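Please brief me on the pockets and the sheet of this protein. Keep it short and group it by topic.

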Amino acid sequence: MAHITITHTPADGTLADGGEKGDGTGNILYKHGFRWFRSMGVYGIRSSRDRAPRLVAIEAAAEELRAAGHTATVQIDTTVRDTTTVRADQHERLEDRRTALAAKSDRLSQEAAALHRRSDAMVEHIPMGQPVGPGARGRAHRNLLNRSIDTAIKASHTQQEADQMPDRIAGSHRQEAYRERLDVTARRVDRLSAELRALDRRMARLSMYPETGSGTLRRQYEGERAVLVERIAGDQAVLDKAREEGRFGRFSKTTVHRDDLVRVRGQWRTVTRANAKTVSVTTGYSWTDKYGWEEVQELRCSHTEDAEGTDND
């Protein structure tokens with residue numbers, strides 16, 4: 001029988017170590033949401049770093065492991081790391097991933113060059129344009145040509161894969177920069193705040209009917225709430241600082257009027273309606289588009305002498 005240790009830490013997430021192939025522990029863990037992490041050689045729950053531990057799944061897996069005759073130990077760290085530390089850790093992991101992709105690109109390029117040289121070496125002794133003759137010698141000639149062509153095709157595919165690595169690295173940089181944009185941060189605060197309110201409602205229902213709610217589920221909810229509160233506070237601090245510096249929150253229903261021009265996503269649009277949380281703008285068609293105020297980048301307003309963000313081009 002195996003001895004399984006299930007741990008949860010903010011930095012590493014939820015991991016299950018100690019099982020061996022064929023001992024039956026993998027099937028039990030898989031049933032409760034664990035997946036095999038090939039790079040680490042252990043089972044774990046995906047996307048569990050810096051999130052509340054899924055105590056219901058963890059304890060259910062541990063109970064089923066014990067029922068099957070295995071030994072299961074559970075070690076849970078419910079510490080919530082601050083948002084700045086989490087962002088720095090995520091950035092470090094992304095940089096490691098980009099470095100690995102760059103190394104993979106170099107390795108594949110070298111492999112493709114070696115395959116091209118091998119393909120050329122196969123047929124370099126054959127005069128250009130020499131026809132394939134009959135008999136055994138002709139068959140050998142044809143087979144050599146086919147192997148050379150197959151090797152060249154493999155080299156081309158390998159080089160194509162190598163050429164994709166820079167695009168993947170650039171995409172990773174764009175995605176990271178996108179998450180740090182102020183408008184994206186503001187929408188994330190709204191989304192997390194909605195999740196927090198929904199969680200509070202679930203916790204309230206659990207308090208109303210304590211006989212139907214387990215202590216494990218309550219502790220899981222409390223952990224999820226602590227994480228949400230910290231993430232909201234961290235993102236809100238970024239928005240507050242940007243607002244103090246004048247980089248966020250300049251535009252609202254009180255400063256933007258109908259028929260004003262606003263620049264949204266790099267395009268100037270005419271305002272049709274200014275709402276409490278959104279602005280409706282023309283599209284050139286029969287319908288309008290609606291954007292959050294956090295996406296408004298500049299304003300041309302005829303109601304004030306010095307309009308915000310006047311174009312100087």
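A pocket is an open set of points on a 1 Å grid over the protein atoms alone, where a 1.4 Å probe fits, with protein on both sides within 12 Å along at least five of seven lines; lining residues have an atom within 4 Å of a point. This is a predicted model: local features need pLDDT of at least 70, side-chain atom pairs count only at pLDDT 80 or more, and totals for chains, interfaces and linings use all residues. Residues are numbered from 1 along each chain as its sequence is written, and side-chain values use heavy atoms, without hydrogens or water.

**Second largest pocket**
- Its volume, the space filled by probe spheres set on the points, is about 580 Å³.
- The lining has 23 residues, and Ala186, Phe248, Trp293, Glu294 and Glu295 are the closest to the centre.
- Helix α5 gives the largest share of this lining, 5 residues.
- The lining divides into 9 nonpolar, 4 polar and 10 charged residues. Asp, Glu, Lys and Arg count as charged; Ala, Val, Leu, Ile, Met, Phe, Trp, Tyr, Cys and Pro as nonpolar; the others, Gly among them, as polar.

**Largest pocket**
- The largest pocket has a volume of about 1,300 Å³.
- Of its 36 lining residues, Ser47, Arg49, Asp50, Arg51 and Gln90 lie nearest the centre.
- α5 supplies the largest share here, 8 residues.
- This lining holds 12 nonpolar, 5 polar and 19 charged residues.

**Sheet**
- Helices (H or I, at least four residues) and strands (E, at least two) are DSSP runs, numbered from the N terminus.
- An open, antiparallel sheet has 5 strands in the order β9-β8-β7-β6-β10; strands pair if DSSP finds at least two bridges between them.
- Its edge strands are β9 (288-292) and β10 (296-300).
- Strand β8 (residues 278-282) is joined to β9 by 5 bridges, and Thr278 has Gly292 in β9 as its bridge partner.
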